[in-house]
Amino acid sequence: MKFREVLRQEIFPEKKFFAQCHASTVLKVGERLICAWFAGTKESNDDVEIYLSVNDGEGWSDPRRMTFTETPCWNPVLFEYGNEILLFYKNGRRIPEWRTFIMRSSDGGESWTEPAELVEGDASGGRGPVKNKPILLSDGRIAAPASVETKKAWDAFVDYSSDAGKTWHRSGLMDFDHRSADGLGIIQPTLWQDGDRIYALLRSSEGSILKSSTSDGMNWSRCERTSLPNNNSGIDCVKLPNGEVFVVYNPISESWGSRNIIAYSVTDDNAQTFSEPVIIEEDKVDGAEFSYPAVISDGKYVYITYTHYRRSVMFVKLEIIED
């Protein structure tokens with residue numbers, strides 16, 4: 001399968017509305033595209049809130065502020081379930097103590113419910129999707145890729161809901177036992193299902209994207225390296241109609257390395273092998289950043305958003321061309 005770029009545009013002008021932005025999420029509902037991200041003076045500052053923009057075919061709307069909090073917001077995630085759009089996000093000054101909130105829209109993103117805690121009283125930093133979109137499993141459950149970050153370790157798991165996101169129960173941690181001396185590990189999974197097995201690719205501190213899988217949803221296989229490099233930065237993937245999995249990432253193997261190049265690769269064997277990276281954008285200037293991608297597909301097109309120099313969100317549309 002091949003891909004042809006048909007559109008590239010910033011969702012809003014650089015620095016017109018806020019000094020910095022990061023961590024976008026994108027959703028297609030009918031013919032409408034919706035994108036959300038966090039923004040403010042600087043990541044982790046108290047003025048950082050969740051913003052949202054809609055594209056009905058006439059271009060992206062001005063950002064709409066979705067949250068009004070006293071502590072920073074982080075990592076919004078959009079997901080469609082039935083007739084509702086779900087908007088998840090994190091709130092809190094310290095990542096290990098994040099609380100997860102959810103808002104709902106039943107009219108295509110025009111109006112939203114008031115934020116509610118996803119798991120009441122939970123301040124573990126990890127419930128629900130941490131960065132990447134949930135997937136709908138063949139048995140009807142929502143599977144949300146989750147992780148926690150502490151000083152001792154980073155760990156990943158999956159949160160499941162069988163009642164449209166009202167209640168959640170979490171899997172065991174993904175098996176990871178080869179941490180670097182600094183004690184980091186794996187976070188921010190991205191998921192797909194093939195048959196009765198669920199697969200995960202993971203951001204890691206090991207210089208590579210790691211992979212894990214499960215047949216029962218609860219007990220995950222030991223994480224293994226893939227051939228894709230990872231600079232300890234966010235990734236995302238989407239399963240295409242032909243079964244291939246399309247992955248967006250920074251093709252840099254140095255942990256905490258530069259995020260100044262972003263690319264995609266495809267696997268047709270559940271992450272055993274990958275195609276050579278195709279560069280989406282690259283800039284060697286100091287401070288360039290293309291990171292934290294989100295990717296979805298409607299079967300005809302692939303839609304990608306990512307952080308663009310921390311000053312805007314870039315939207316890229318690829319046409320799927322059959323071989």
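Modeller: A cavity is a set of points, on a 1 Å grid over the protein atoms alone, where a 1.4 Å probe fits but cannot get out. The model is predicted: local features need pLDDT of at least 70, side-chain atom pairs count only at pLDDT 80 or more, and totals for chains, interfaces and linings use all residues. Residues are numbered from 1 along each chain as its sequence is written, and side-chain values use heavy atoms, with hydrogens and water left out.

The search of the whole structure gives one cavity of 30 Å³ or more. The largest cavity has a volume of about 60 Å³ (the space filled by probe spheres set on the points, which are joined across faces, edges and corners). Its lining (residues with an atom within 4 Å of a point) consists of Ser 24, Thr 25, Val 26, Leu 78, Lys 131, Asn 132, Lys 133, Asp 236, Pro 293, Ala 294, Val 295 and Ile 296. Strands E2 (20-29) and E22 (290-297) are the elements giving two or more residues to this lining; strands are DSSP runs of E, at least two residues, numbered from the N terminus. E22 supplies the largest share, four residues. By class, the lining has six nonpolar, three polar and three charged residues (Asp, Glu, Lys and Arg count as charged; Ala, Val, Leu, Ile, Met, Phe, Trp, Tyr, Cys and Pro as nonpolar; the others, Gly among them, as polar).

Now follow Asp 236, one of the lining residues. Its bridge partner in E19 is Val 248. Strand E18 (residues 236-239) pairs with strand E19 (residues 245-249), antiparallel, over four bridges; pairing requires at least two DSSP bridges. The two strands form a hairpin, with five residues between them. In the turn, Gly 243 has a positive phi of about 95 degrees.

Technical notes. On a 1 Å grid over the protein atoms alone, a cavity is a set of points where a 1.4 Å probe fits but cannot get out, and a pocket is an open set with protein on both sides within 12 Å along at least five of seven lines; lining residues have an atom within 4 Å of a point.
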